[in-house]
Amino acid sequence: RSFKRLVIRRPHLGCESRSYSVVRKTHSSMKCAMIVLLLACASHAESDTVWGVLQKLGLNTTVALANVAGVKPFLDGKYTYTVFAPSDAAYTLLPKNVLHQLLTDHSFADKVGCYHAVFNVRKLSSDLRNNQLLKAEEDCGPNSTVRVNIYSNHGPTVITVNGAPVSSPDHVATNGVVHVIDQVMYPVPTGSVVDVITGNTSLSTLATAVSKAGLVATLSGTGPFTVFAPTNEAFAKLPAGVLDGLLKNVTALTDVLTYHVVPDVYYDAGLYNGQMLKTVEGKEVAIKTSKASVMVNDATILAHLSGYNGVVQVIDAVLIPPSMHFELVYNNRK
């Protein structure tokens, strides 16, 4: 719309009045000009597509990744998207080889990028719900989702998607909305929390224990679950004989393993100092946080890995239920 037409459509502003003094006419004209400019700016902002919003926000690495993945025509076209766009700083947290591959490998960029876009829907932050599953862009596969979590029981409310905190929400575009996030959603989900565990070589001891205890079917279910997953090295730190004893006693093994499972999803953003989480085994684990680390009991959380039915929080020590600690640890030291 032209500048002139905008003025004519608003005669009640007094822009064309000739009965005022020169001063009043000048004041009125300036007022009208300012209003028209504001309207023009607003109209221009609303004309930005998702692609234009990404560029205006200065999300240069996300723009570069989208170019590599070949999705610019979609984000700049008629299709509707909700995009969770990592900040430039978020990419610096990735291993350098992963970042290099994202910016050079079309297939890899598309595989990771598709989890950052929800197709055919505009979801503002006010539309998001805790443990809501959003269908990822169709290139991710027929059953691929991203999980929304909202943590508000301690401090300011934090929204996460697959554990990535939303730092700047609701940048509305003509064909969707952009939410800026502080982490890249990588690694991408590869199945249930059991699939995550069995597919990770550093968790092979845990995978054996889960199978031995008959928990594969349970942890492959709907959930949601948080699994505090000890690494192979964590199991190796147990006193001699403890692991072998557990693997021979399914009841004790089940008690220990279910003490590592919480029936809800807790990414790092949902954990706070002094928090007590009730496990499937029935007893609670204690969360301790500092600037340097997040701990569950005396185990440090090393990383999180997303599954479609929850999250695997990798830890560096095995959690022993208080009622079993003396029996399993002290007796095996004798």
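In this predicted model, β11 and strand β12 (residues 294-296) run antiparallel to each other and are held by three bridges. The link between β11 and β12 is a hairpin of four residues. Within this pairing, K288 finds its bridge partner in M295 of β12.

The hairpin of β10 and β11 has five residues between the strands, and among them G282 takes a positive phi near 120°. As background, strands of a sheet pair through backbone hydrogen bonds, either parallel or antiparallel.

Elsewhere in the chain, seven strands make up an open sheet with mixed pairing, in the order β2-β1-β7-β6-β5-β4-β3. The edges belong to β2 (117-119) and β3 (132-135); each has a single partner strand, so one side of each is left without a neighbour in the sheet. From one strand to the next, the twist averages 30°. At the β2 end, strand β1 (residues 81-86) and β2 run antiparallel and are joined by three bridges, with V83 standing opposite A117 in β2.

Then there is the packing. The largest nonpolar core has 31 residues, and those touching the most other members are I197, L206, L219, V227, L257, V312 and V318. Take I197 as an example: leaving aside residues up to four places away in sequence, I197 touches L203, L206, A207, V227 and V312. In soluble globular proteins, nonpolar side chains tend to be buried together.

Zooming out to the whole protein chain, there are 15 helices and 14 strands. The chain has 334 residues, and 45% of them count as buried. Among contacts between residues at least 6 apart in sequence, 62% join residues at least 24 apart. The accessible surface of the chain comes to about 16900 Å², with 55% of that belonging to carbon and sulfur atoms.

Definitions and conventions. Residues numbered from 1 in each chain as written. Predicted model: local features only at pLDDT ≥ 70, side-chain atom pairs only at ≥ 80, totals over all residues. Heavy atoms only, no water. Pairing = 2+ DSSP bridges. Helix = DSSP H or I, 4+ residues; strand = E, 2+ residues; numbered from the N terminus. Axes fitted to C-alpha atoms, helices over the stretch in contact; angles between N-to-C directions. Core = buried A, V, L, I, M, F, W, Y, C linked by side-chain atoms within 4.5 Å. Buried < 20%, exposed > 50% of the residue type's maximum accessible area, 1.4 Å probe, protein only. Contact = heavy atoms within 4.5 Å. Areas by Shrake-Rupley, 256 points an atom, 1.4 Å probe, with all protein chains shown as cover.
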